[in-house]
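Subject: Handover of a structure, with notes

Dear colleague,

I am passing on the structure that we spoke of, and I would be grateful if you could look through it with the notes below beside you.

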Amino acid sequence: MKWNWGTGIALFYGLFMLTMILFVIKSRQVDHSLVVDNYYEEDIRYQEHINRVANSQALVTDLQIAQKGREAVQLQFPDIPGEISGEVWFYRPNDTSRDFKIPANPDQNGLLTVDTKQLLPGRWKVKVAWQAGERQFYKEHELYF
């Protein structure tokens, strides 16, 4: 076989096509789903989230989230007038099928203890949305197990 310009061009285009086919195959193996299923509805309600965060930052004492080893996470709610209600969301960024929510019902001292023995090791985000009286609050905190 004689090596000339035509052979070089054909070899270049062949390798280019093979590379493009490999890129297409690899891109189809990646999960391109959004982090949340209802992304656009969440985007519309984002101003409410901003207001909750601002309310939380305006508190004299903030919500305290403390990891107690591998066994539990303690949430100490601030002393604000009104009954505290809401939810605590344990969010795993790399696997949303492991996410779970529990109601935020602290005791009389404002303390809520969550058992975390069943959680997989890795990075978790604790997202707490709560309400006391008419005001709504929000805080999130990263944990590593």
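What follows is a description of selected helices, strands and residues.

The model is a predicted one, in which local features need pLDDT of at least 70 and side-chain atom pairs count only at pLDDT 80 or more, while totals for chains, interfaces and linings use all residues. Residues are numbered from 1 along each chain as its sequence is written, and side-chain values use heavy atoms, with hydrogens and water left out.

Helices (DSSP runs of H or I, at least four residues) and strands (runs of E, at least two) are numbered from the N terminus. Helix 1, residues 5-28, has 24 residues and spans 35 Å from its first C-alpha to its last, close to the 34 Å expected at 1.5 Å a residue, where the expected span is 1.5 Å times one less than the number of residues. At the start of helix 1, a side-chain oxygen of Asn4 comes to within 3.1 Å of the backbone nitrogen of Gly6; this is a polar contact, that is, a pair of N or O atoms within 3.5 Å, of which one must be able to donate a hydrogen and the other to accept it, with residues adjacent in sequence counted only if both atoms are side-chain atoms.

As for the strands, an open sheet of four has the order 4-3-6-7 with antiparallel pairing, two strands being paired if DSSP finds at least two bridges between them. Strand 4 (100-103) and strand 7 stand at the edges with a single partner strand each, so one side of each is left without a neighbour in the sheet. Strand 3 and strand 6 run antiparallel and are joined by eight bridges, and Trp89 stands opposite Lys127 in strand 6. Strand 2 and strand 5 are likewise antiparallel, with five bridges between them, and here Val73 stands opposite Val114 in strand 5.

Ser56, in helix 3 (residues 46-57), is buried at a relative accessible area of 5%, and its side chain reaches the backbone oxygen of Tyr138 at 3.3 Å. Arg92 lies in the loop between strand 3 and strand 4 and is buried at 9% relative accessible area, with its side chain reaching the backbone oxygen of Pro121 at 3.2 Å. Glu83, in the loop between strand 2 and strand 3, counts as exposed at 70% relative accessibility; not counting residues up to four places away in sequence, Glu83 touches Gln131, Ala132 and Gly133, where contact means heavy atoms within 4.5 Å.

With kind regards

Key. Buried < 20%, exposed > 50% of the residue type's maximum accessible area, 1.4 Å probe, protein only.
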